[in-house]
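Dear colleague,

I am handing over the structure that we spoke about, and below it you will find what was found in it. Please keep the structure open while you read.

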Amino acid sequence: MEILNEIRFSMPSLSANESAARAAVSAFIVQADPTVEELSDIRTAVSEAVTNAIVHGYRGTSGRIDLVLRLLPDREIYIRVRDGGCGIADVKKAMEPLFTTAPEEERSGLGFSVMESFMDRLSVRSRLGQGTTVTMRKKLAAHGS
Amino acid sequence: MKVDIKSENGMAIAALRGEIDHHSAKSAREQLDSFIINMQPDVLSLDMSGITFMDSSGIGLIMGRHKLMRECGGRLEVRGPQESIRRVLRLAGIERIVRII
């Protein structure tokens, strides 16, 4: 993978860091001059991934969340969100729209649906007891198009 | 997120400002629920024109208030969301359940 630019950061699984992660993503991808809609899509997808790590990955516990943001050739944005939490027993089921294990917290079960629909590619790898890694990519529209 | 609620003759408007995520939804939820339970309005209108960001936490916030308003014999509606917010609402199919103006 040819990487034009990259930042990595790590943060504790505090819900206040949901907005901090979005702010960092905005600051990084602005160099690629995204449209307002593209920026909003990416911010929303990152917010979902980080919230999943906090609410589900580290449910009842705490830990660190590692983010990697990359700018790839052809105006492609790559984002990886990794937690070392409890992992997902059945990733396929977890990705079904409206499936949630936290209805009492009013989680709608739409996190992965938002990531899938707002990004071009989504990959979720998880191991029980070891954590979950969400990787997303989105190609920004060519300038002038 | 800031919540500012005004009420007159059973019609209440809650102006929401800022960003809705899992972190900010919690206090908004508590504020709105306390108002609904104490004031029992006929209609609660969530004015979302001042919301600049919303992820799926906003869907839970709206659906939870919709359910509580119904249980209290009232109705919830959503007003003025920006286009980026409307896209999240559409994805969730909220417009089939809650009136969006």
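Two residues are said to be in contact if their C-beta atoms, placed from the backbone, lie within 7 Å. This is a predicted model, in which local features need pLDDT of at least 70 and side-chain atom pairs count only at pLDDT 80 or more, while totals for chains, interfaces and linings use all residues. Residues are numbered from 1 along each chain as its sequence is written, and chains are lettered from A and ligands numbered from 1 in the order in which they are written.

Between the chains, 20 residues of chain A are in contact with 17 residues of chain B. On the side of chain A that touches chain B, the largest share, 8 residues, comes from H2(A), where helices (H or I, at least four residues) and strands (E, at least two) are DSSP runs, numbered from the N terminus.

Within chain A, the axes of H1(A) and H2(A) come within 9 Å and cross at roughly 145°; such axes are lines fitted to C-alpha atoms, for helices over the stretch in contact, and angles run from 0 to 180 degrees between N-to-C directions. Among the residues that meet there are A:Ala21 and A:Val25 in H1(A), and A:Leu39 and A:Val46 in H2(A).

Turning to chain B, you will find 3 helices and 5 strands, which follow the pattern β-β-α-β-α-β-α-β when read along the sequence. Its C-alpha atoms fill a box of roughly 30 × 25 × 20 Å, taken along the principal axes.

With best wishes
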